[in-house]
Amino acid sequence: MHAISASFCMAKIGRLVLILSLVSTLAFTLVSLSPVDPVSAYIGIDRMQISTEQEQRIIERWGLDRPAPERFLIWAGNVLRGDLGQSMIFNEPVTTVIGKRFVTSLWLMASAWLLSGVLGFVLGVVAGTNRGSPADRVIRLYSYTLASTPSFWMGLVLLAVFSVSLGLTPICCATPPGVSPDDATLWQRLHHLILPAATLSLIGVAQIALHTREKTIDAMNSEYALFAFAQGESRAGVAWRHAVRNVALPAVTLQFASLGELFGGSVLAEQVFSYPGLGKATVEAGIRGDVPLLLGITLFSALFVFTGNLVADILYGVLDPRIRIGTEEAK
Amino acid sequence: MLSVKNLSIEFSRYGSARRRTIIHPVRDLSLDIGDGEIVAVVGSSGSGKSLLAHAVLGLLPGNARTSGEILFKGTPLTSASMAALRGRAIALIPQSVAYLNPLSRVGRQVYRASRLSGKCRATAARSTDRAFARYRLDESVKSLFPFQVSGGMARRVLTATATAGDADLLIADEPTTGLDPVVARQSLSHLRELADLGKAVMLITHDIDAAVTVADRVAVIYAGTTVELTPARNFADGALRHPYSRALWNALPQQGFGFVPGNQPMEDDAVNGCIYLDRCPDRTGECRCAQPLRPVGKGHVRCCHAQG
């Protein structure tokens, strides 16, 4: 691949380093300033039974008596060695927790991402090609309504309808009660995935459909579309042979660049459905004051969003001949 | 081949105060093109030249209303017959490579144009090859993207695309704009070749020099109205009969940039009488009457003072 030159890689790596150091500094500062007290978070309700002396020993052992910049440097040094610390609420290394939770979330995010991308694109092209038609009106109404719907509310409505009233889908979790994720069958997992994935994608559809619709209208009014019409191409022919290809390019990159929103959406959806993914872990870590896990997830999500944008950048160069061949010829 | 009679095109538009205004970019256009003939359509920007091309191809936007008649080979064109003739009997040679799909290879697009003209796969492939050979385009050009071809090659690619389907009427929209003189001449000579093969060519341009050198006849358009339809040599011979045609010719650099103050009527102005009334140096009281296009000498003129 010629689009990815050495200078491109260097620039991207440099940016990643910069982003991660800024994010970690900011996150660490915020956590230090927050009222979260790691000791009481660790001890929980047994707090009353612990003497000041014992508490003091925990503080010394964890180095909480040292100034914040020093603590940050110790933490950052450990992170560089790959050690994100121990999660207090899960009693496991942070990396293990993130790994496990991310795999669970990945199912949810990937299905929502694919579904919203494909469905949104198709709806957008249909609406844009037949601008002003009843189909366009319906799709637009749907998109504007859904684009202004909070995802947690959507999740609650779906739960009320499909799980409570109709009893078609499970009410919570990623697996049936009492079944560990490793023992669950593929069908069981999919069954539990339907509603959260639907919640996330129904809302994701709106944005990508509106974006694609706009781009399709532009493409259908473009000069190359006019020439295609002049050659006797039908409306569907122009849409399929000319518009789709030109619209797909920005749509694919937009979809990759929207991984950040997807991540944010999954936090809410997982909370509503008690889906044990990374989003739910984030909320728990925040509420229960699990500082190492919270910082770990923050770093991980920054990396995740960065990867999405990076893939979008690379794809643009690979898919668009104007950039791909242009850079080759420039050499 | 093609005969346009009293074509007018109106658009209704909603203005600022939700008031509907009607604009008339094309008021009264008439011209005819015979087999083997190049008729140049000249006029300033906004005179309705491109809309004429779109009207003949049936590609006007939905809010356009037309009146008048367009006859192709003697039969009036309807929107259904235009859709059937587009790409098969009537082809557009567009202005620039912006009219090609930027993400599709040139060869595919010429082939597609040829397929759309009703050819089967094998014939379409052959006529693509023929079109490439005719315009001296290398086989390797087929795999280029539109942004990779430039200048003269782009012109040849566009002409190849338009002629891959053996249309009888070719509409060339500004084929010389932005080209250096050598390439422009070559582009025009391709049109001449096509006309000599018996095709009718409508050459839309504001390059009057080009129009006069290559065309057989010239239609001069002013504010969406044909003011004069005349043999091309009348320009150089000084035998133009409409004052606007003369003004257009005298505005050329080699004629000393002759200048007539004023602008052509706006698209939403209502005009009674002569369309050129308020700028014409020779205007008289008679000019306030409606001016029909009438035969004078070997051409047609819309001016009551013109004499044979």
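**Pockets and their linings**

Mentor: In this predicted model, the element with the largest share of the lining of the largest pocket is H4(A), which gives four residues.

Trainee: What shows where empty space is left?

Mentor: The general idea is that a probe the size of a water molecule is rolled over the atoms, and this shows where empty space is left. In this case, the largest pocket holds about 810 Å³ of space. Its lining has 26 residues, and the closest to the pocket centre are A:Trp62, A:Leu64, A:Trp75, A:Val291 and A:Pro292. Among the elements that give two or more residues to this lining are helix H1 (6–33), helix H3 (52–62) and helix H13 (291–319) of chain A.

Trainee: How much space lies in the second largest pocket, and which residues are the closest to its centre?

Mentor: The second largest pocket has about 560 Å³ of space. Of its 21 lining residues, A:Asn221, B:Leu59, B:Leu60, B:Pro61 and B:Gly62 are the closest to the centre. Two or more lining residues come from each of helix H5 (94–129), helix H8 (186–220) and helix H9 (223–230) of chain A, and from helix H1 (49–57) of chain B.

Trainee: Which element gives the most to the lining of the second largest pocket?

Mentor: H9(A) gives the most, with three residues. The lining of the second largest pocket comprises nine nonpolar, nine polar and three charged residues.

Key:
Residues numbered from 1 in each chain as written. Chains lettered and ligands numbered in written order. Predicted model: local features only at pLDDT ≥ 70, side-chain atom pairs only at ≥ 80, totals over all residues. Heavy atoms only, no water. 1 Å grid on protein atoms, 1.4 Å probe; cavity = no way out; pocket = protein on both sides within 12 Å on 5 of 7 lines; lining within 4 Å. Points joined across faces, edges and corners; volume = space filled by probe spheres on them. Nonpolar A, V, L, I, M, F, W, Y, C, P; charged D, E, K, R; others polar.
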